[in-house]
Amino acid sequence: IGIVLEHLPPDCHLLILTRRDPPLSLTALRAGACLAEIRLTDLQFTATETATLLATTAGLTINEAAMANLQRELEGWVAGLRLVVLAIRRAVDPEAFLASLHGGIPRTQEYLLNEVLVGLPPADRDTLLKSSILDRYCAELIDVVCAGDDQSAPSMPIGQAFIDLLLRSTLFSFELDPDGRWCRYHHLFQVLLQRELQRTFTADDIVQLHLRASTWLEANGEIAESVKHALTGREEELAADIVERHRRAMLEQDQWITMRRWLDLLPTDLVWRRPGLLMAQAWIAHHQLNGAEIASCVEQFEGIVDETSTDPLLLAELNYFRSFLAYWAGDGARACLL
């Protein structure tokens, strides 16, 4: 099965499957009626579909003027229509509310989001905004990230009750596993929440949220996500420390591909000034039979550390790679001495 993704129009969301090898061109697929194209206009709700949605989810029938304005402002954007359903619950005059929408999709999105947030208790609103930094979340992680500013004072767990509220209220929250432990927000809703978070909280406050997330995720074995939050929290050295703390365990389990992904998250210059990360990179090169990369790691290691005061385990790794390079250079005697 081949997948063709060439010369796509900017408004086209396309997946093409063909049993030909090599895959046919788009022109040939179109000519053979083997192509299914889904464009942006195909994903937009028509006025009739919008009316059905409002009637089904909100029990609301609106006049033609309000419908025309709603279609003009949201252009059939389904997630935006769901925001309308949530916001309209507080409207005294739903038709007047819909007729008042203006500014196009970006401004309408933010207006509707504010209408939804205003209807929430302040504590739930803050939790919603703070948890938007998380690409996925569970009750325990929300408890840590969204705790009060006074970390010395114990706080009541809120995570599970908050997730239950999200799922009951259909606030763009989706379960990711059969047990319902992990959830995520709809991506567009998450973006809107993050914009509001940046307007509401200071940059330092948001950094602290990311660092709390990083600490919990590392403690629970979610290393890649922990590293990402540390980097977003402007703590590059902390991110490097996290990778170094777990690198040996991963390499001992032959998880060098995972290790490669972790290193790829870090700035290259940071990797090249950390001996532990250099050795991790050398082991990855070893698995890939890349002698030139190993030699570069060894040379860089030798240039940045004092071997008389270096961790003996790191020196043992260094000497292994020195021996490896000597052997493949044809210097068996030196390889044995190392």
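**Figure 1. Packing of helix α8 against helix α11.** Helix α8 (residues 122–130) and helix α11 (residues 187–200) pack at an angle of about 110 degrees, their axes lying 8 Å apart. This is a predicted model, in which local features need pLDDT of at least 70, side-chain atom pairs count only at pLDDT 80 or more, and totals for chains, interfaces and linings use all residues. Residues are numbered from 1 along each chain as its sequence is written, and side-chain values use heavy atoms, with hydrogens and water left out. Helices are DSSP runs of H or I with at least four residues, numbered from the N terminus. Axes are lines fitted to C-alpha atoms, for helices over the stretch in contact, and angles run from 0 to 180 degrees between N-to-C directions. The two helices α8 and α11 are therefore roughly perpendicular (65 to 115 degrees).

**Figure 2. Residues where α8 meets α11.** From α8, Arg125, Leu128, Leu129 and Lys130 meet Phe189, Leu193, Glu196, Leu197 and Thr200 of α11 (contact means heavy atoms within 4.5 Å). Of the residues in this contact of α8 with α11, five are nonpolar, one is polar and three are charged. Here Ala, Val, Leu, Ile, Met, Phe, Trp, Tyr, Cys and Pro count as nonpolar, Asp, Glu, Lys and Arg as charged, and the others, Gly among them, as polar.

**Figure 3. The salt bridge of Arg125 and Glu196.** Arg125 forms a salt bridge with Glu196, with the closest N and O atoms 3.1 Å apart (a side-chain nitrogen of Lys or Arg within 4 Å of a carboxyl oxygen of Asp or Glu). The pair links distant parts of the chain, Arg125 in helix α8 and Glu196 in helix α11, 71 residues apart. Arg125 is partly exposed at 22% relative accessible area, while Glu196 is buried at 8%. Buried means under 20% relative accessible area, exposed over 50%, and partly exposed in between (1.4 Å probe, protein chains only).

**Figure 4. The salt bridge of Arg274 and Asp241.** The side chains of Arg274 and Asp241 form a salt bridge at 2.4 Å, N to O. Arg274 is in the loop between α16 (268–271) and α17 (275–287), and Asp241 is in helix α14 (residues 236–252), 33 residues apart. Arg274 is buried, at 12%; Asp241 is partly exposed, at 30%.

**Figure 5. The salt bridge of Glu317 and Arg247.** A salt bridge joins the side chains of Glu317 and Arg247 (2.6 Å, N to O). Glu317 lies in helix α19 (residues 312–328) and Arg247 in helix α14, 70 residues apart. Glu317 is buried at 9% relative accessible area, and Arg247 is buried at 2%.

Technical notes
Angles under 35 degrees count as roughly parallel, over 145 as roughly antiparallel, 65 to 115 as roughly perpendicular and the rest as oblique.
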